[in-house]
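Subject: Structure handover

Hello,

The structure is below, followed by notes on what was found in it. Please read the notes with the coordinates open.

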Amino acid sequence: MPTQSEKIELTPHELREITSYAAECARRTLSIFEQSVPADPRPRDAIDAAQAFAEGGRRTAALRQSAWAAFRAAREAASPAAADAARAASHAAAAAYLHPLADAHQVKHLLGAAAHAARAEELASGEDQRVTAGTLEWARHHAPTAVTAVLGRMPAAPPGGSRVGEFIRDLDAALRA
């Protein structure tokens, strides 16, 4: 296991697979945001930008700006579920900028879209634990090889982060098993 902040290998192919996975996770909850704030395109734009990168596009300032715009949409969202759906979109676009460091904080970036999507679905369902379990199981089964390979080069997810942090740690442990 690498030491904290040691550089790790992160190939362009892995970065694209990770970003595609994050976009797929976030897209699952986009309707939660759009039902709450139908006129705000920022989360959709972030997911679309992430997917464009995953399909071979360049990492551009516009991609990074779309991540920040979705983050701002989360802060302005009318409901907690919509806010987490927008955060999932923000994490999807930001996944293209995952740092090649063996740092527990990077695990949050790697799995953030999946964890925020799970929280959005949980909140939208009225805190139904079966929905949460199903969402996390979906995320585990759809994680590409790149996600598990890169996780294997990093320390375990850090403590904290309330419910989303709990989801990150649960998903991290399940993907490492």
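Contact here means heavy atoms within 4.5 Å. The model is predicted.

By that cut-off, and leaving aside its neighbours within four places in sequence, Ile18 is in contact with Leu10, Ala95, Leu98, Leu110, Ala146, Val147 and Val150. Ile18 is one of the buried residues of helix 1, among them also Glu14, Leu15, Thr19 and Tyr21. Helix 1 itself has 16 residues and reaches 22 Å from its first C-alpha to its last, close to the 22 Å expected at 1.5 Å a residue.

The largest nonpolar core holds 49 residues, of which Ile18, Tyr21, Leu98, Leu111, Val147 and Val150 touch the most other members. Two or more core residues come from each of helix 1 (12–27), helix 3 (42–54), helix 4 (61–76), helix 5 (80–94), helix 6 (104–124), helix 7 (129–142), helix 8 (145–151) and helix 9 (162–176). With eight residues, helix 6 gives the most to this core. There is also a second, separate core of 11 residues, including Ala83, Ala85, Ala86 and Ala120.

On helix packing: helix 6 and helix 7 pack at an angle of about 155 degrees, and their axes are 9 Å apart. Angles over 145 degrees count as roughly antiparallel, so helix 6 is roughly antiparallel to helix 7. The crossing of helix 6 past helix 7 is right-handed. On the helix 6 side the contact is made by Ala114, Ala117, Ala118, Glu121 and Glu122. Helix 7 contributes Gln129, Val131, Thr132, Thr135, Leu136 and Ala139 to that contact.

Regards

Definitions and conventions: Residues numbered from 1 in each chain as written. Predicted model: local features only at pLDDT ≥ 70, side-chain atom pairs only at ≥ 80, totals over all residues. Heavy atoms only, no water. Core = buried A, V, L, I, M, F, W, Y, C linked by side-chain atoms within 4.5 Å. Buried < 20%, exposed > 50% of the residue type's maximum accessible area, 1.4 Å probe, protein only. Helix = DSSP H or I, 4+ residues; strand = E, 2+ residues; numbered from the N terminus. Expected span 1.5 Å × (residues − 1). Axes fitted to C-alpha atoms, helices over the stretch in contact; angles between N-to-C directions. Parallel < 35°, antiparallel > 145°, perpendicular 65-115°, else oblique. Left-handed = near helix turned anticlockwise from the far one by under 90°.
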